[in-house]
Every structure is written in structure tokens, then in C-alpha cells.
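Subject: The structure we talked about

Hello,

Here is the structure I promised to pass on. Have a look at it first, and then read on for what turned up in it.

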Amino acid sequence: MSWVSDYKYTWFQKLAVNVIRCGPLPYHIGFVMDGNRRYATSQQIRKIDGHAKGFEKLADCLRWCLDVGIREVTTFAFSIENFKRSEEEVSGLMDLAREKFSKLLQELPKLHEHGVRIRVIGNIGLLPDDLQKLIAQTMLETENNNKLFLNVAFSYTSRDEITQAVQDVLIHGDGLLEGDISERLIEECLYSRHSPQPDLLFRTSGETRISDFLMWQLNSTILYFTKIFWPQLTIWEFLSGIFCYQRDSLNMKSFRSYERLEKMAVARNSGFYTERVQNFLQCLDTYRRNALLKWSTAQ
């Protein structure tokens, strides 16, 4: 199963996609792909097969995003909290991840054709060594693509992301001054440093909570909740989420403009644009890329 499916639209679905494209579109969508296990139970199949069905739906969803014009997608694939599940299920999920990242490396020409860049956000060091290698190779091989950005939150929680950001400042920020430490600096040390905040968060399965996903980044995000399980997501439900964004985005426009101005003011007042802060951030990017290079060549 490809990471980007060859979804076959009906003429009516094509019409609906063209209509929705006439309105304002979110640049960045976050997906909480919830309900795989409950879907498996409802279909009387194994839990791991439910997760596999969930991946197939992600491939459809990426196709829809490409065709509608969405430029960035962040998907919550595996929480650090999921390590607390049964050994059988965790092992199955790790095997599924190995299979999918290996498949991705085999179909790099297709990803390059579509311009898809894969970024895994999360505490990669908690994962098995061989999976670290596959993830690092995937990120490095697609780092120059720029048509669709797919951020896979794997071994991730928002609390861990913020903790790691603070640790990076403490470990690598020897040249920083006390006045340099600001909300803007911490934000630039998150895993999502090179991504804009999500415009729309889409969660399936009927749960109306964030579940420790991008909690720093969601302060001006439009939330859309649906009761269906992730593997059952249809293009109509997907387009309903986009329409929800289009309906509510006008109300958020003034708030987002104010928020951008406030961020700029915080950055100026904290010395964010000073040479020492920018040097620190450049060094942090270099450190993180070197970690990928190390993982990608590990024996």
C-alpha cells in the first residue's frame, strides 16, 4: 500500500472538490487518527489489522489533501503513552511502522514526483534502533521536496516536545543571555520549528479532546470532531471538515492577525532576532540533522 493512494473519484466527488477549492483553504491540517482499535473490534478483526486499515485511510487522505491544495499535514500516529499498551500490540505497531517506512524508501520516485517531504516529529531515541535508521533515512531522502509536507508524530506527546525544547535550550544555549529566553525562543525549539501552526485539527471516533497533541501550537486552530472511526473516513467527511474551516476562518482572521503582531512584538522585545539567538537556532538545526545522519548510517 502506497503512502499516497491512487484514489478514484466519482464525477460528483470531483465536482465537490472543485467547489471546495473555490473557498479559502487551510495551509496546514492536523489529524488525530483515532478509532483504529474500536474499528477492529466492530469488524471482528485483529487490532493490528485495524491499524493497517488506518494507514490505508491515511494514504487516501494524503491524496485528497494533494488534490484539494493542502500543503502540510501533521498526523498523530503513535503516542509515547502507547508504549504502555500490551507488548503484543506495541510490537505489532513497531513492525507495521518498519513495513511502511521500508515501503516508503522503495517508492521514493513517487514521493519525489508528488514533492512529498516526510518529517517525523517525536522522541525518536525511544524507538528501536532499526526503526530509527529507517525514519532517519526517510527524512533525509525527502528533505528537498516541498509540495506537500507530511509530519508524522511518532513516539510523541506535546508535554515531551516542550520538555525536549527546554532541555535543548539548557544543553545547547551556552551563548544565550537571560533576556533571550522567551515564548518565541521555546516555540522555535519545538519539533515543529519549521512548520506553521495548524489551521484545522481533524479528530475522528467521537472523542472531543486533544490528547496531548500539538497543545502549544493549537491556540488559534479550528477544531473539527466527527464520530466515525478513522478507517471509515470518507471524502465527504473530509470535505465537511474543510467546509467547517471555511465557515469559521473569517471569524478567526482578525484574531490571527493580532496574534502575528503580538508574536513579532515578543520576538523584538526579547532579542529573538539578535545574532546570538539566530546562531543558536542554526546550531540546533545542525545538531538535529547530525543526529539523523548518525541514525541513518548506524549498523
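In which helix does Ser296 lie? Ser296 belongs to helix α10, residues 275-296. Before going further, please keep in mind that this is a predicted model, in which local features need pLDDT of at least 70 and side-chain atom pairs count only at pLDDT 80 or more, while totals for chains, interfaces and linings use all residues. Residues are numbered from 1 along each chain as its sequence is written, and side-chain values use heavy atoms, with hydrogens and water left out. Helices (H or I, at least four residues) and strands (E, at least two) are DSSP runs, numbered from the N terminus.

Back to Ser296. Its relative accessible area is 11%, so Ser296 is buried (buried means under 20% relative accessible area, exposed over 50%, and partly exposed in between, with a 1.4 Å probe and protein chains only). The side chain of Ser296 reaches the backbone oxygen of Leu293 at 2.9 Å. Not counting residues up to four places away in sequence, Ser296 touches Lys133, Ala136, Gln137 and Leu140 (contact means heavy atoms within 4.5 Å).

Gln132 sits in helix α6, residues 129-141. Its side chain reaches two backbone oxygens: that of Ile124 at 3.4 Å and that of Gly125, also at 3.4 Å. With neighbours within four places in sequence left aside, Gln132 is in contact with Ile124, Gly125, Leu127 and Trp295.

Now to the strands. Strand β5 (residues 200-203) is covered on both faces: Leu200 and Phe202 are buried on one side, Leu201 and Arg203 on the other. β5 pairs in the parallel sense with strand β1 (residues 28-32) over four bridges, and it pairs with strand β6 (residues 222-225) in the parallel sense, again over four bridges (two strands pair if DSSP finds at least two bridges between them). Arg203 is the bridge partner of Val32, and Leu223 in β6 is the bridge partner of Leu201.

Leu201 itself is buried, with a relative accessible area of 1%. Leaving aside neighbours within four places in sequence, the contacts of Leu201 include Gly30, Phe31 and Val32, as well as Ile222, Leu223 and Tyr224.

Which residues of helix α1 are buried? In α1 (residues 11-20) they are Gln13, Ala16, Val17 and Ile20. Seen down the axis of α1, these fall within an arc of 100°, so they line one face of the helix (the arc is that of the directions from the helix axis to the C-beta atoms). Trp11 and Val19 are exposed, on the face turned away from the buried side. The cover over the buried residues of α1 includes α3 (47-68) and α9 (235-269).

The largest nonpolar core has 55 residues, and those with the most contacts inside it are Phe31, Leu131, Phe154 and Phe238 (such a core is a set of buried Ala, Val, Leu, Ile, Met, Phe, Trp, Tyr and Cys residues joined through side-chain atoms within 4.5 Å). Helix α3 supplies the largest share of this core, seven residues. Apart from it lies another core, of 13 residues, among them Leu190, Ala267, Phe272 and Leu281. In soluble globular proteins, nonpolar side chains tend to be buried together.

There are also 15 aromatic pairs in the whole structure (rings of Phe, Tyr and Trp, the last by its six-membered ring, pair if their centres lie within 6.5 Å; planes under 30 degrees apart count as stacked, over 60 as edge-to-face and the rest as tilted). The rings of Phe78 and Phe154 have centres 5.2 Å apart and planes at 25°, so this pair is stacked. Phe78 lies in strand β2 (residues 72-79) and Phe154 in strand β4 (residues 148-156), so the pair ties together parts that are 76 residues apart in sequence. Both Phe78 and Phe154 are buried. Elsewhere, Tyr7, Tyr9, Trp64 and Phe238 form one aromatic cluster.

Last, Tyr39 is found in helix α2, residues 36-43. Tyr39 is buried, with a relative accessible area of 12%. Beyond residues up to four places away in sequence, Tyr39 touches Ile45, Gly50, Lys53, Phe229, Pro231 and Gln232.

Technical notes
A polar contact is a pair of N or O atoms within 3.5 Å; within protein, one must be able to donate a hydrogen and the other to accept it, and residues adjacent in sequence count only if both atoms are side-chain atoms.
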